[in-house]
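Reader: Before I set up any calculation, I would like to go through this model with you, one question at a time.

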Amino acid sequence: MKRDWDLYLLLIVPLFLTILFKYGAYPGLRIAFMNYLPAKGYAGSEWVGFETFQKVFKDRDFHVALRNSLLFNFAEVIVSFPMPIILALILNELKVPRFKKVSQTILYLPHFLSWAIIGSITYTLFRTETGLVNNMLVNFGLAENRIPFLTENLNWAITYLLVGVWAGMGWGSIVYLAAISSINVELYEAAMIDGAGRWKRMWYITLPGIKPTIITLLIMTLGRLMGSNYERLHAMGNVNVKGVQYQLAIYIYEKGLASGGFSRAAAVGLFQSIVGLLLVLASDKFAKALGEEGMI
Amino acid sequence: MWYNRRKSIIADYIMVLIIILLCSICLLPFIHLASKSISDNSFVLAKKVYFLPKGFNLEAYIVIFKDGQLTHSMLYSVLVTAVFTVLGSITTVMAAWPLSRRRLKGRIVFTFIIMFTMYFGAGLIPTYLLYNKLKMLNTMWVLILPLIFAPYNFLIMKTYFQSMIPDSLEESAYIDGASNTTILIRIVLPLSKPILATIALFLAVGRWNAYEDSKFFITKKSLHMIQYLLSMMVLSASEAEKISISEASLVTTTPEVIHAAAIMFVSIPVLCAYPFVQKYFVKGIMIGAIKG
């Protein structure tokens with residue numbers, strides 16, 4: 001203890017920041033149980049118990065936001081989750097190291113871009129009237145009419161998901177490639193002597209070899225089912241697709257900061273945080289029960 | 001056997017083809033934007049610009065520099081990011097080094113206090129009210145102080161220290177008379193350059209790219225990060241697509257070309273830097289995946 005006084009001294013700054021900015025915000029959660037009026041402050045606003053929650057759970061806008069969030073997160077698991085695995089399997093089969101390295105570097109690029117840039121690029125490419133894709137489709141006679149990629153609900157949802165695949169695929173493959181490289185090479189050699197072809201080796205050695213990684217990451221993804229990324233939704237949103245773009249993060253911003261419904265927005269935020277925490281704990285338990293490494 | 005061999009070579013080519021296709025999808029948008037940003041307005045309006053510039057025109061970039069908003073915001077964002085990265089790296093070490101030492105009493109409690117905030121956040125509204133009370137709204141510091149110390153970065157650095165700086169190494173330095181401070185500065189930090197680089201880059205790229213806090217906590221335009229400015233420029237135009245086009249025919253530079261130039265302007269720092277820094281990122285997520 002005496003010897004390490006200076007180590008404790010070091011800890012003061014990060015602990016101070018954590019307590020001031022993270023724990024300091026928790027007391028503000030009480031406005032979810034109040035009818036908070038910014039003009040009156042905490043002291044002047046009245047306590048209402050669970051009334052705000054009752055109102056929120058009856059709120060149609062909340063239903064839409066919750067449904068959209070869950071639907072998109074599920075769709076993300078189905079569409080985006082397998083892509084890095086497939087990509088890692090393909091990258092692993094490449095024979096020329098230089099080619100592999102250069103293409104990996106290129107595929108990592110989207111990970112370093114902000115959603116502002118990705119959203120702007122999406123609009124440049126997919127606008128109905130001036131977007132590159134529509135221009136090419138029409139000018140080369142591949143389509144008669146311009147396709148409203150970003151202004152029609154279903155089209156927007158598909159574009160949104162595919163842009164997500166584009167943004168996350170290369171980067172996501174890193175973990176799987178690492179898992180593949182730790183598989184014992186002798187297994188492959190033995191399989192080749194036994195006459196197993198490329199697909200058999202992929203199916204019976206590589207995939208089982210990275211199964212623990214797949215399961216761990218899948219469970220982690222499920223733990224984030226309640227999540228909602230404001231920047232991504234904002235960067236790709238527009239008035240025409242409110243019906244699908246309206247998700248929890250948007251609800252909280254619009255009902256809360258933008259229109260002063262602080263209590264209601266804080267209640268939704270608290271709901272989201274608690275369910276999110278429960279999901280993380282449950283998926284961690286689940287992973288450990290399956291004999292995988294947990295994440296907490 | 002011979003048949004199989006040929007089939008296998010065809011499969012090789014198909015896979016190379018898929019990878020080339022995917023790489024093109026990553027690069028072509030930028031080639032298009034770059035071409036558009038220096039093309040002649042008439043070709044852009046005629047929707048004839050694909051992946052090569054048509055005509056030559058630097059007007060859009062001149063407009064950006066003359067207007068000054070983006071250039072100002074670029075310098076400001078660099079400043080914020082630099083301060084953020086330096087302070088963030090220091091505070092991360094300050095937590096990760098002590099808490100990586102197994103002998104330290106209370107390390108489990110302190111680590112829990114830090115990590116808990118990663119899994120349970122107060123949410124936007126309480127955070128906003130807190131910053132308001134701290135008088136941080138509409139200051140540069142709201143973009144820096146609350147986020148410099150991140151539990152995830154702390155965890156990665158702590159894991160690295162635990163596995164790379166064994167207690168025995170530290171102990172022998174201590175017996176030789178080195179104080180904790182000397183050990184940290186003379187032994188630990190020089191041995192930890194890769195992880196310091198990784199965390200610094202995590203911090204820098206994270207700060208550079210994030211923009212929702214500019215929207216939530218800042219109303220003064222001069223204090224916005226450049227990413228937010230870009231999103232306002234391009235997105236506000238996207239909602240009124242038709243209007244901006246009819247206006248376009250009146251002025252010398254079309255909004256489309258300006259947007260392309262603005263996107264390029266904001267992307268260029270990242271496009272130039274990322275090939276050199278990505279290896280540190282890969283290292284970081286590998287440590288993050290092992291976790292401690």
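Reader: How many residues does the contact take from chain A and from chain B?

Author: The coordinates come from a predicted model, and the totals for interfaces use all residues. Counted in this way, the contact takes 72 residues from chain A and 77 residues from chain B.

Reader: Which helix of chain A provides the largest share of the side that touches chain B?

Author: By class, the side of chain A that touches chain B has 45 nonpolar, 18 polar and 9 charged residues. Of this side, the largest share is 11 residues, and they come from residues 5-21 of chain A, that is, from helix α1.

Reader: Turning to chain B, what distance separates the centres of its two assigned domains?

Author: The domain assignment of chain B gives domain 1, residues 1-57, and domain 2, residues 66-292. Taken over C-alpha atoms, the separation between the centres of these two domains of chain B is 33 Å.

Reader: Which helix gives the most to the side of domain 1 of chain B that touches domain 2 of chain B?

Author: Across this boundary, 9 residues of domain 1 of chain B are in contact with 11 residues of domain 2 of chain B. On the domain 1 side, at least two residues each are supplied by α1 (2-37) and α2 (41-45) of chain B. The side divides into 5 nonpolar, 3 polar and 1 charged residues, and the most, 5 residues, is given by α1(B).

Reader: Is B:Lys135 buried or exposed?

Author: B:Lys135 lies in the loop between α6 (124-133) and α7 (151-164) of chain B, and its phi is positive, about 60 degrees, although it is not a glycine. Because 10 other C-beta atoms lie within 10 Å, B:Lys135 is exposed.

Reader: How many other C-beta atoms lie within 10 Å in the case of B:Lys47?

Author: B:Lys47, a residue other than glycine, has a positive phi near 60 degrees, and it is found in the loop between α2 and α3 (59-67) of chain B. B:Lys47 is partly exposed, because the number of other C-beta atoms within 10 Å is 17.

Key. Residues are numbered from 1 along each chain as its sequence is written. Chains are lettered from A and ligands numbered from 1 in the order in which they are written. This is a predicted model: local features need pLDDT of at least 70, side-chain atom pairs count only at pLDDT 80 or more; totals for chains, interfaces and linings use all residues. Domain bounds come from an automatic or database domain assignment. Two residues are in contact if their C-beta atoms, placed from the backbone, lie within 7 Å. Helices (H or I, at least four residues) and strands (E, at least two) are DSSP runs, numbered from the N terminus. Ala, Val, Leu, Ile, Met, Phe, Trp, Tyr, Cys and Pro count as nonpolar, Asp, Glu, Lys and Arg as charged, and the others, Gly among them, as polar. A residue is buried if 20 or more other C-beta atoms lie within 10 Å of its own, exposed if 12 or fewer, and partly exposed in between; C-beta atoms are placed from the backbone.
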